[in-house]
Each structure stands twice: as structure tokens, then as C-alpha cells.
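Student: Could you show me how to read strand pairing and aromatic contacts in a model?

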Amino acid sequence: MTGIQGNQTAQGPKHKRNVTRRKVVVAGGAAVAAVGVGGTIAATANAGQTKKGASPTASSTSSETCYKLTSETTEGPYYIDADKLRQDITEDREGIPLTLRLKVIDNETCKPIRNAAVDIWHCDALGLYSGYEDSSSGGGGGTPPSGTPTDVPSGTPTGAPPGGGGGGHQEPTDDKRYLRGTWKTDKQGFVTFKTVFPGWYQGRCVHIHTKVHVGGTWTDAGYEGGNTCHTGQFFFDEESVLASAEVEPYSTSTTERTTLTEDTIYDQSGTAGGLLKLKYKKNGIAKGVLGSITMGVDPDATHEGTDDAVQPGASATTSASASASAS
């Protein structure tokens, strides 16, 4: 794969591992090692980190580093109950390869949380969400239509932007499930996913959705019980997004992009707000990106991302534990 001189094409691997979460025996503690870009790279997030009883500095010892509580955000309308137990969520989507290395820790004790179920889902390089291809806005591509539309709606649009801004949950409109998956954290709180760099669509900056479920049980049927302790989004710095926009198929998008500072969901707080630490070769982003972050969560809280958060101690059931299967 070449560097980003002009418009190039980044091809993701084609996988068809359509294994449903409730038909798989999950091997305890199994996890894929991080696939580094240009070698093995440790996952760290260096914004907003503090040690207990100390000023915010990077730890020079082996003691666990504590992080601020990671910001909660809306679930958005395109969440599908975690029905794909897998780490490679790429399927047949084209785009810049992205290895996402996540760590989950207890914000109070600073200890890693093992066996948590972590969901991620995001749009493809042209802004489409699987399961919602006819309702997610997409990024278009090619030559815009000519002429003046005759059915332009009047008035000012209301409500939040689609696909992760706000609004109630929508039921899936198709059976595709690319760029969606769930996997468990290991004993050190890490989980790794392979995917592609997301594109953008009207009203939102480039982002990835996530949920963290704890307190449940991994069984032959999947993950059951527990509570959703975190619903959030991961964000990408402007430099990396601009670099990706020079690579096909991102470069074919005709949709105006919302920048990180313009986004209505990102709270501008850096790592605590979900800003990823990204590594890739200069002038060679098409070859692949490693994104990493540590999420500080309150395992006793419930944050579904659809209503006001349930306070610690209140009863709640994670959506990942629903017995009804999603296709």
C-alpha cells in the first residue's frame, strides 16, 4: 500500500465471520494481541491522567495510572444490541485499516476491569451505518446531481443530527452488521478491535460509538445480566481526519464535514471526552492507524445513553443481556 500522494484506495480485509453472540462458546480470557502499525505499540492515553494523591504526571512506576471519569454521551439512534461476538468487525468495508486498543478501568480504584463486554459500532468510509443503510445519511460520492430539487423541505430543521447526535432508538431496516462487534476485556482490562477509519456524515464529526457492560456472566449463550456502566463516543483529531480525507474512498465523499470543535456531542475535554491517541506513519495514513484510549468508568452506575443516568445502587439490566436475538 502506498503513501497518500494524490487519491489512493485503502482496502480493508474481507471477512464474513457472521457469528451471532448467542451461538458461540466464549473462550475465557481470549483476546487478540494488538496489531501495531509498524510494530507493537503500547496503548496509552496521556491527557487527563492523574495518580491517586499526586499531581497529573505520567507514572514512572508500575503502579496503575488513574484517569478522569470518561464522559457519557448519547447512544444515538443506530445501536443494535450486541449480537456479534468478534474483534475483527471490518467484513467487506473498504477504508484505512484501524486497530482500536481500549482499556477499561474502575475510576475509583484505578484497577482494570476484566471480563467486561465492550461494544463498538460506527459508520463506514462514506457515512453509512449497517442495519440502517436507507436511513443513515451517508457521505455520498461521485458527482452531485444537477438541477434544482423540487421537493426541498421548508422551514428550519429541528432535532439533533442523525447517527449519533440524539433522538430515540430506531429499529434496524436491513440485516447487515458490518462495523459492529462486542468482545471481552482481558485480565489487564484491555480489548482490541480491528476495523476501518470511520467516515463522516452531515452534522457530526468523525466518531465511534461504544458501550461497556459489567457485572454480567459470559456463558455458552453469550453475555447475560449486569449493567451498562458507560455509553460514550471516541473522537479523532483534525490532522488525522484531514489526512484520511485524501485517501479513497473518503476522498469521494460530497458531504460537508463537521469539525471536532464544531461537533455538538464532543465536550472538548480531550481524553476524558473520548479523544483517541492515534499513531500512523507520517504521509502514510493509508497504511493503517493505531488508536488507543483508557476509559475510566464507574462500574456501579448505569448509563444507557437513552435516558438520564441511573445512580449507583439502582436496579438496571444491560441491553446486552436481552434474550431476544437481533439478526
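Tutor: We take the sheet, then the rings. Keep in mind that this is a predicted model.

Student: In what order do the four strands of the open sheet lie?

Tutor: In general, strands of a sheet pair through backbone hydrogen bonds, either parallel or antiparallel. Here the order is β6-β5-β8-β11, and the pairing is antiparallel. The edges are β6 (180-184) and β11 (227-235), each with pairing on one side only. From one strand to the next, the twist averages 20 degrees.

Student: How many bridges join β5 and β6?

Tutor: Five, with β5 covering residues 117-121. Val118, for instance, has Trp183 in β6 as its bridge partner.

Student: Now the rings. How many aromatic pairs are there?

Tutor: Eight. A ring pair is described by the distance of the centres and the angle of the planes. For Tyr78 and Tyr132, the centres are 4.6 Å apart and the planes lie at 35 degrees, so this pair is tilted. The two residues are 54 apart in the chain. Tyr78 sits in the loop between β3 and β4, Tyr132 in the loop between β5 and β6.

Student: Is Tyr132 buried or exposed?

Tutor: Buried, at 0% relative accessible area. Tyr78 is buried too, at 2%.

Student: Which charged end sits over the ring of Tyr178?

Tutor: That of Arg93, 3.9 Å from the ring centre. Likewise, Arg101 places its charged end over the ring of Phe190, 4.2 Å from the centre.

Methods
Residues numbered from 1 in each chain as written. Predicted model: local features only at pLDDT ≥ 70, side-chain atom pairs only at ≥ 80, totals over all residues. Heavy atoms only, no water. Pairing = 2+ DSSP bridges. Axes fitted to C-alpha atoms, helices over the stretch in contact; angles between N-to-C directions. Phe/Tyr/Trp six-rings, centres within 6.5 Å; stacked < 30°, edge-to-face > 60°. Buried < 20%, exposed > 50% of the residue type's maximum accessible area, 1.4 Å probe, protein only. Lys NZ or Arg CZ within 6 Å of the ring centre and 35° of its normal.
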